[in-house]
Amino acid sequence: MPQVGQRGDLARWLESYESSFAILHALEAGLRAAGLPAAAVQMVPTSDRAAVGYLLADMREYIDVMVPRGGKSLVARVQAEARVPVIGHLEGNCHVYVDRDANLAMACDIVKNAKLRRTGICGAAETLLVDRACLDSHLRPLITMLLDANCEVRGDASVQGIDARVRPATEEDWYTEYLDAIIAVKVVDGVDAAIAHVEKYGSAHTDSIVTENALTAERFLARVDSAIVLHNASTQFADGGEFGMGAEIGISTDKFHARGPVGVEQLTSYKYVVRGQGQVRAG
């Protein structure tokens, strides 16, 4: 249980705990109304964190998969200690790369939406990469648009030279998921440099390229190893509902077995039923 004054203070923790029970009771009522067993959804009735370790290591007989949702430290712990399969959703350090062949008006619309539509979601863009070849034409309008929308911009030397309101970016900024109206901006030498930046600093969540050059777009889409890659679209489309998959419980950055938006279908395992009429296998 957290102590008062710590992250997630006591009052907030109690509110969350009681809210979870209220949600559980609503789900149980819905299951009963549908003629299904209410015990199909359960909540571990304890706040003792020792229970987490027990779930991770000692309940393989009862647990088929874990889908951790919560802070970065919780998800990292589950991924490190679990002895059952885990569908991980660690963080969303998402990027938008504006290429030399990008339509400027489109780029401004996409960057603004990707960053500011909802800043606290995992699909919000945290870093903007701009091709040096379009620095003179594209960088200033993009930076001005963000600043005028009350977004804090932290940039490299080229970006700082655009506007005195730009703060200097540190190495840590390229790794940071702000979940706030803050964005890191860097000028890169073309699509390969953008790909290299995403590979080094990204979280394999969602990354977008803005360009009218189909070949450049395909290079980015093929080589960026993220769960979701987009061409000329906002990173905030990273959502199971938007993908036509229904409600989601998260976006997996794992490789197996579910990747990207995770819903009911992605949580379903397989069983093969074969009906024959006496067939036998030859050889």
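On one side of helix α8, the residues Ala-214, Leu-215 and Ala-222 are exposed. The model is a predicted one. Helix α8 spans residues 214-223, and its buried residues are Thr-216, Ala-217 and Phe-220. Viewed along the axis of α8, these buried residues fall within an arc of 100 degrees, so they line one face of the helix. The exposed residues Ala-214, Leu-215 and Ala-222 lie on the other side of α8. The cover over the buried residues of α8 includes strands β1, β6 and β7 as well as helix α7.

The strands that contribute to this cover, β1, β6 and β7, belong to an open sheet of seven strands. The strand order is β4-β3-β5-β2-β1-β6-β7, and the pairing is parallel. The edges of the sheet are formed by β4 (167-168) and β7 (228-231), each of which pairs on one side only. Strand β7 runs parallel to β6 (residues 206-210), and four bridges join the two. Within this pair, Ser-208 has Leu-230 of β7 as its bridge partner. Helix α7 (residues 191-201) packs on the sheet, where it touches β1 (94-98), β2 (125-131), β5 (182-188) and β6. The direction of α7 makes about 175 degrees with that of β1.

The crossing of α4 past α5 is right-handed. On the α4 side, the contact is made by Leu-104, Ala-107, Cys-108, Val-111, Lys-112 and Lys-115. On the α5 side, the residues are Ser-137, His-138, Pro-141, Leu-142, Met-145 and Leu-146. By class, the contact of α4 with α5 comprises eight nonpolar, two polar and two charged residues.

Positive phi values occur at two residues other than glycine, one of them being Leu-179, with a phi of about 55 degrees. Leu-179 is located in the loop between β4 and β5. Its relative accessible area is 39%, and Leu-179 is therefore classed as partly exposed. For Ala-204, phi is positive and near 60 degrees. Ala-204 is placed in the loop between α7 and β6. With a relative accessible area of 23%, Ala-204 is likewise partly exposed.

Notes:
Residues are numbered from 1 along each chain as its sequence is written. This is a predicted model: local features need pLDDT of at least 70, side-chain atom pairs count only at pLDDT 80 or more; totals for chains, interfaces and linings use all residues. Side-chain values use heavy atoms; hydrogens and water are left out. A crossing is left-handed if the near helix is turned anticlockwise from the far one by less than a right angle, and right-handed if clockwise. Contact means heavy atoms within 4.5 Å. Ala, Val, Leu, Ile, Met, Phe, Trp, Tyr, Cys and Pro count as nonpolar, Asp, Glu, Lys and Arg as charged, and the others, Gly among them, as polar. Two strands pair if DSSP finds at least two bridges between them. Axes are lines fitted to C-alpha atoms, for helices over the stretch in contact, and angles run from 0 to 180 degrees between N-to-C directions. Buried means under 20% relative accessible area, exposed over 50%, partly exposed in between (1.4 Å probe, protein chains only). The arc is that of the directions from the helix axis to the C-beta atoms.
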